[in-house]
There are 2 protein chains.
Amino acid sequence: MLDKVYTAQGSPNIALVKYWGKRNERLILPQNSSISLTLSSDILNTTTSAMLSKKIKKDMFYLDGKLQNLEDKEIRERFGMVDSMRDLAKVKENILIVSKNNFPAGSGMASSASGIATLAYVLNGALGLDLNPRDLSIIARQGSGSACRSIFGGLVVWHRGSRADGKDSYAEQEFDESYWPDLIDNIVVVSQEKKKVSSRAGMRQTVETNPLFRQRPPIAEGRVEELIYAYRQRNFDSMAELIMADSNEMHALMLSTRPSIRYLNNNSFKIMDAIENLNEEAGGNVAAYTFDAGPNANIITLSKYKDQVFKALKPLQDSKDILYIKTSGVGEGPRMLDDSDSLIEQSRLSPK
Amino acid sequence: MLDKVYTAQGSPNIALVKYWGKRNERLILPQNSSISLTLSSDILNTTTSAMLSKKIKKDMFYLDGKLQNLEDKEIRERFGMVDSMRDLAKVKENILIVSKNNFPAGSGMASSASGIATLAYVLNGALGLDLNPRDLSIIARQGSGSACRSIFGGLVVWHRGSRADGKDSYAEQEFDESYWPDLIDNIVVVSQEKKKVSSRAGMRQTVETNPLFRQRPPIAEGRVEELIYAYRQRNFDSMAELIMADSNEMHALMLSTRPSIRYLNNNSFKIMDAIENLNEEAGGNVAAYTFDAGPNANIITLSKYKDQVFKALKPLQDSKDILYIKTSGVGEGPRMLDDSDSLIEQSRLSPK
């Protein structure tokens with residue numbers, strides 16, 4: 001009989017109040033709480049299959065079709081999560097993991113959040129750990145900070161916590177994906193290039209060199225609370241203001257870091273202009289831009305404003321400043337898939 | 001006999017630690033001390049002639065050939081300095097002022113600093129006030145904050161001060177123009193457009209809406225001290241680091257203001273990239289960029305590095321991203337000109 005393959009699918013999240021700066025590098029403990037929307041896996045997703053087997057000679061990890069070198073320091077660091085989950089499960093077998101994203105990695109589209117959350121989720125099944133989502137979010141956090149938020153669907157807070165061991169720095173769902181069904185995110189792609197400075201290195205530079213950063217943690221804590229309040233009332237105008245303020249604040253902290261970190265490009269600025277003009281003409285916020293560590297925009301809006309937003313962005317599509325736009329609803333978080341969706345060819349112990 | 005015409009010439013200054021944010025709007029008292037280099041009037045200058053006369057029916061002010069409407073609120077506000085200086089001199093005659101800049105106004109090239117400093121300077125003569133430069137800087141400050149620094153040549157500090165009446169918020173020369181003769185400023189013009197948001201309005205927005213701004217005043221005070229220390233030792237590498245950090249910090253505070261203020265454009269970012277790459281290749285800072293409230297760059301460097309800087313900027317000149325570059329040494333501050341340089345046609349009581 002063949003060993004069992006577990007397969008799960010998860011999705012990226014888009015932070016509305018950003019995580020930028022650690023207070024503990026090893027445990028990945030943040031300087032401030034953050035909050036995000038988990039996107040629908042219908043649009044952007046990571047699918048990951050995992051199989052434990054005595055027949056596997058050594059751990060193997062395929063990402064987007066390529067066998068990863070587990071001797072590589074950076075990959076090993078992330079794979080550390082696999083080791084610690086296996087230790088926790090008191091399992092000794094080697095493991096085969098096959099993962100693929102349906103969107104490009106490293107371009108500021110939160111591929112690591114989606115990938116790590118899905119991996120933690122599938123291993124929870126494969127290793128028979130049966131951890132609750134909160135504990136799973138703590139494990140995912142140690143793989144890649146913002147991944148902990150992708151363990152849940154809907155609007156998700158990652159609590160900063162205050163303990164040195166990180167046990168109180170976990171993710172929590174504030175509202176599920178059905179609370180505000182009109183809310184959508186338009187992922188506006190202007191560049192597919194890999195970013196020059198990794199988020200990890202950039203954050204460290206910011207915390208170490210930027211004297212303005214001292215103000216950031218208390219501001220962000222307050223903004224998370226305000227955002228939850230606006231969300232509860234489904235007050236889009238207020239929420240949009242908080243989202244744009246936070247995105248600009250994070251990029252301002254990057255700009256004022258030494259050496260300066262600049263992820264936004266001219267196309268990003270054109271999108272900001274277009275959305276600000278749209279909001280001004282509308283006499284209130286009908287859309288909010290937010291940018292992670294890259295030049296691609298996420299435009300949060302409501303279904304009823306979608307046509308207006310697309311009209312405002314049309315000139316930038318015509319001029320090819322915008323490559324393409326993908327529209328996503330709010331998603332439900334990771335889930336197990338059927339065997340028919342497995343990425344592993346069991347008989348050959350390799351990717352399908 | 002004709003009434004006497006006084007004519008003076010002054011120049012802009014380029015701030016190395018920026019002034020951005022007032023603690024008193026009416027008296028123009030800053031949130032932090034700032035420091036600048038006064039540029040040579042050989043390159044950028046304002047020439048202003050002033051004449052008091054009983055024959056003049058009402059005050060008249062010509063700027064760059066155009067008679068200004070003194071009923072206009074904004075112009076009146078700036079012209080307020082003329083009224084207060086006339087009151088101080090206990091003079092009752094009307095006044096004719098003719099002023100011209102040899103560079104475009106309102107494009108972030110500090111035309112108001114140059115204009116107001118030169119006006120204060122020429123009126124000090126025309127009204128027979130004979131104020132010392134420090135008191136004159138206090139008067140210029142009330143016309144346009146950073147103008148107070150253009151009352152002196154060389155490296156000039158504008159002290160924040162702490163008094164409510166502003167008597168201790170004056171400019172002071174730290175080093176004269178001959179202290180570091182190799183120092184040059186390359187004014188890199190990428191746009192001649194007038195800026196969308198005035199500095200005055202932008203500053204107010206920042207102080208009122210930007211929670212990061214709270215950190216700015218103590219950071220800037222420390223940076224002014226560090227910059228004077230580096231300047232004293234003619235340590236270009238250190239000074240350049242402080243200059244770039246401060247420029248980025250100011251623009252970061254603008255970006256994170258609500259609504260967001262963005263003066264830099266893609267060409268500005270290309271110049272930043274070019275200078276950062278140049279410094280990296282050189283293994284130390286051989287040039288520093290700094291941007292005021294506009295997209296045009298000032299590249300501070302030493303004469304011996306000028307060729308390297310121009311080589312680094314050449315691709316941007318070839319692609320027309322850079323319109324032109326003007327190179328200026330450090331200047332000596334305002335001075336009186338001969339009658340032959342007068343801008344006033346005395347017999348006709350009008351500009352020449």
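This is a predicted model: local features need pLDDT of at least 70, side-chain atom pairs count only at pLDDT 80 or more; totals for chains, interfaces and linings use all residues.
A search of the whole structure finds 40 salt bridges over all chains, and six salt bridges are found across the interface of chain A and chain B. In one salt bridge between the chains, Glu276(A) is paired with Arg262(B), with the closest N and O atoms 2.9 Å apart.

The contact between the two chains draws on 26 residues from chain A and 26 residues from chain B. Together, chain A and chain B bury about 2400 Å² between them, and 58% of this area lies on carbon and sulfur atoms. On the side of chain A, the residues that lose the most area to chain B are Leu212(A), Arg258(A) and Arg262(A), which together account for 29% of what that side buries. Polar contacts were also examined, and eight residue pairs in polar contact, both residues being at pLDDT 80 or more, are found across the interface of chain A and chain B. Three helices of chain A, namely α5 (216-232), α6 (236-255) and α7 (266-282), each supply at least two residues of the side that touches chain B. The largest share of that side, nine residues, comes from α6(A). Sorted by class, the side of chain A that touches chain B has 11 nonpolar, six polar and nine charged residues.

The helix α6(A) also packs against its counterpart in name from chain B. Two packed helices are described by the angle between their axes and the distance between the axes. The axes of α6(A) and of helix α6 (residues 236-255) of chain B come within 8 Å and cross at roughly 180°. Because angles over 145 degrees count as roughly antiparallel, α6(A) is roughly antiparallel to α6(B). In this contact, Asn248(A), His251(A), Ala252(A) and Leu255(A) of α6(A) meet Asn248(B), His251(B), Ala252(B) and Leu255(B) of α6(B). By class, the contact of α6(A) with α6(B) has four nonpolar, four polar and no charged residues.

A further helix pair lies within chain B, where the axes of helix α1 (residues 73-88) and helix α3 (residues 133-143) come within 8 Å and cross at roughly 145°. Here Arg78(B), Met81(B), Met85(B) and Leu88(B) in α1(B) meet Leu136(B), Ile139(B), Ala140(B) and Gly143(B) in α3(B). The contact of α1(B) with α3(B) has six nonpolar residues, together with one polar and one charged residue.

Some backbone features complete the description. Most residues other than glycine have a negative phi, and most peptide bonds are trans. In chain A, however, the peptide bond from Arg258(A) to Pro259(A) is cis, with omega near -15°, and Pro259(A) is placed in the loop between α6 and α7 of chain A. In chain B, a cis peptide bond joins Arg258(B) and Pro259(B), with omega about -15°, and Pro259(B) lies in the loop between α6 and α7 (266-282) of chain B. Asp130(A), although it is not a glycine, has a positive phi of about 55°, and this residue is found in the loop between α2 (111-126) and α3 (133-143) of chain A.

Note on methods:
Residues are numbered from 1 along each chain as its sequence is written. Chains are lettered from A and ligands numbered from 1 in the order in which they are written. Side-chain values use heavy atoms; hydrogens and water are left out. Contact means heavy atoms within 4.5 Å. Buried area is the accessible area (1.4 Å probe) that two parts lose on being put together, summed over both. A salt bridge is a side-chain nitrogen of Lys or Arg within 4 Å of a carboxyl oxygen of Asp or Glu. A polar contact is a pair of N or O atoms within 3.5 Å; within protein, one must be able to donate a hydrogen and the other to accept it, and residues adjacent in sequence count only if both atoms are side-chain atoms. Helices (H or I, at least four residues) and strands (E, at least two) are DSSP runs, numbered from the N terminus. Ala, Val, Leu, Ile, Met, Phe, Trp, Tyr, Cys and Pro count as nonpolar, Asp, Glu, Lys and Arg as charged, and the others, Gly among them, as polar. Axes are lines fitted to C-alpha atoms, for helices over the stretch in contact, and angles run from 0 to 180 degrees between N-to-C directions. Angles under 35 degrees count as roughly parallel, over 145 as roughly antiparallel, 65 to 115 as roughly perpendicular and the rest as oblique.
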